[in-house]
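Good morning, colleagues. Please look at the sequence and the model on the screen, and I shall then guide you through selected parts of the structure.

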Amino acid sequence: MSNISNVDDYRTPTPNTKNSKVTNTRKYKDVREREYLTSSEIERISKAAKSIGRRGHRDSTIIIIAYHHALRVSELVNLKWSQVDLSQGNSVASVHPLGSKGQVC
């Protein structure tokens, strides 16, 4: 049996047409109380990613960097080594310290 108390809360509403435009009648906040992850949740996700598969350390690092620097997926996958200053732990465009041992800064 599902834990969902009201299935209709999770279904996409039927769009209404108004002035020849489709409008969404339901807001995200009506379904969930927040739109972000906390740092403790990110640490748990990162720890779980690290323990799964061959590339766990890489996946864990990607999660931490994406969260800490608020990177979109396209920005994350387009990162270049030339954009990171490993000697100081900062990126070239701006100062973003990278934590050690998987710590979220």
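Helices here are DSSP runs of H or I with at least four residues, strands are runs of E with at least two, and both are numbered from the N terminus.

A word on the basis of these values. This is a predicted model, in which local features need pLDDT of at least 70 and side-chain atom pairs count only at pLDDT 80 or more, while totals for chains, interfaces and linings use all residues. Residues are numbered from 1 along each chain as its sequence is written, and side-chain values use heavy atoms, with hydrogens and water left out.

The pLDDT, the predictor's confidence in each residue on a scale from 0 to 100, averages 74 over the chain. Of the residues, 55% score at least 70. Confidence is highest in helix 1, at 94, and lowest in strand 4 (residues 90-91), at a mean of 54.

I turn to helix 2 itself. Helix 2 covers residues 56-68, 13 residues in total, and its first and last C-alpha atoms lie 18 Å apart, close to the 18 Å expected at 1.5 Å a residue. The expected span is 1.5 Å times one less than the number of residues. Which residues of helix 2 are buried? They are Gly56, Ser60, Ile64 and Ala66, where buried means under 20% relative accessible area, exposed over 50%, and partly exposed in between, using a 1.4 Å probe and protein chains only. These residues cover an arc of only 165° around the axis, so they are on the same side of helix 2. The arc is taken from the directions from the helix axis to the C-beta atoms. In general, an α-helix has 3.6 residues a turn, so residues three or four places apart point the same way.

What do the buried residues of helix 2 pack against? Their partners are helix 1 and helix 3 (73-77), contact meaning heavy atoms within 4.5 Å. From the other direction, the buried residues of helix 1 pack against helix 2. Those of helix 1 are Glu41, Ile42, Ser46 and Ala49. Seen down the axis, they fall within an arc of 135° and therefore line one face of helix 1. Arg44 and Lys47 are exposed on the other side of helix 1.

Serine 60 shows this packing in detail. At 4% relative accessibility, serine 60 is buried. Beyond its neighbours within four places in sequence, serine 60 is in contact with Ser46, Ala49 and Lys50. Its side chain makes a polar contact of 2.5 Å with the side chain of serine 46. A polar contact is a pair of N or O atoms within 3.5 Å; within protein, one must be able to donate a hydrogen and the other to accept it, and residues adjacent in sequence count only if both atoms are side-chain atoms.

Finally, how many salt bridges does a search of the whole structure find? It finds 2, each being a side-chain nitrogen of Lys or Arg within 4 Å of a carboxyl oxygen of Asp or Glu. Aspartate 59 pairs with arginine 58, with the closest N and O atoms 2.9 Å apart. Arginine 72 meets glutamate 75 at 3.1 Å, N to O. Arginine 72 is exposed, at 57%, whereas glutamate 75 is partly exposed, at 33%.
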